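I opened my notebook to record what I looked up. The entries follow the order in which I worked.

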Amino acid sequence: MEETAGQVLYYNNKLITTCPYSNSNGGRITSSQERWGWIRPYLIAKDDPYDNGSGNGHGVGMSQLGAKRMAELGFSYKDILAFYYPGTEIKEAYGVNNADKVKQWCLSKKGCGYVWGATG
């Protein structure tokens with residue numbers, strides 16, 4: 001956890017606030033436009049050779065099974081994020097003084113599956 005502390009994803013120099021994932025996409029990532037009707041350029045449809053599961057979930061963004069397989073094959077977390085969220089950039093977004101502000105923002109989104117799952 002310390003290795004990734006303070007790191008967040010950006011696209012086009014803007015903080016990503018929608019970063020969905022699902023258990024399995026069944027080998028094919030679904031775009032946000034296809035699933036929900038809104039466009040996020042980093043949530044595109046493409047084949048996922050790392051996920052050959054049953055397709056549990058909405059299939060948009062990162063596949064938990066695919067990410068696990070990539071890690072088992074030796075890919076870094078940066079490689080995994082780049083594959084599932086193409087065109088994004090990992091940045092140091094806050095220091096120790098701002099960590100509580102980010103945590104409070106996340107907690108204010110309670111009930112939103114994309115944020116709540118990560119704030120536990």
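Which are the buried residues of helix α2 (residues 64–72)? I began with the ground rules: this is a predicted model, where local features need pLDDT of at least 70 and side-chain atom pairs count only at pLDDT 80 or more, while totals for chains, interfaces and linings use all residues. Residues are numbered from 1 along each chain as its sequence is written, and side-chain values use heavy atoms, with hydrogens and water left out.

**Entry: helix α2.** I found Gly-66, Ala-67 and Met-70 as the buried residues of α2. They cover an arc of only 100° around the axis, which puts them on the same side of α2. The arc is that of the directions from the helix axis to the C-beta atoms. Buried means under 20% relative accessible area, exposed over 50%, and partly exposed in between (1.4 Å probe, protein chains only). Helices (H or I, at least four residues) and strands (E, at least two) are DSSP runs, numbered from the N terminus. An α-helix has 3.6 residues a turn, so residues three or four places apart point the same way.

I then looked up the packing partners of the buried residues of α2, which are β6 (62–63) and α3 (77–84). At the start of α2, I noted a side-chain oxygen of Ser-63 within 3.3 Å of the backbone nitrogen of Leu-65. Just after α2, Gly-74 has a positive phi of about 100°.

**Entry: the core.** The largest nonpolar core has 14 residues, and Met-62, Ile-80, Tyr-84 and Tyr-85 touch the most other members. Such a core is a set of buried Ala, Val, Leu, Ile, Met, Phe, Trp, Tyr and Cys residues joined through side-chain atoms within 4.5 Å. α2 and α3 are the elements that give two or more residues to this core. The largest share, 4 residues, comes from α3.

**Entry: the sheet.** I traced an open sheet of 3 strands in the order β2-β1-β7, with antiparallel pairing. β2 and β7 (88–92) stand at the edges, each with a single partner strand, so one side of each is left without a neighbour in the sheet. Strands pair if DSSP finds at least two bridges between them. I found 5 bridges joining β1 (residues 7–11) to β7. Leu-9 stands opposite Ile-90 in β7.

**Entry: Thr-18.** Is Thr-18 buried or exposed? At 12% relative accessibility, Thr-18 counts as buried. I located Thr-18 in the loop between β2 (14–15) and β3 (21–22).

Methods
Contact means heavy atoms within 4.5 Å. A polar contact is a pair of N or O atoms within 3.5 Å; within protein, one must be able to donate a hydrogen and the other to accept it, and residues adjacent in sequence count only if both atoms are side-chain atoms.
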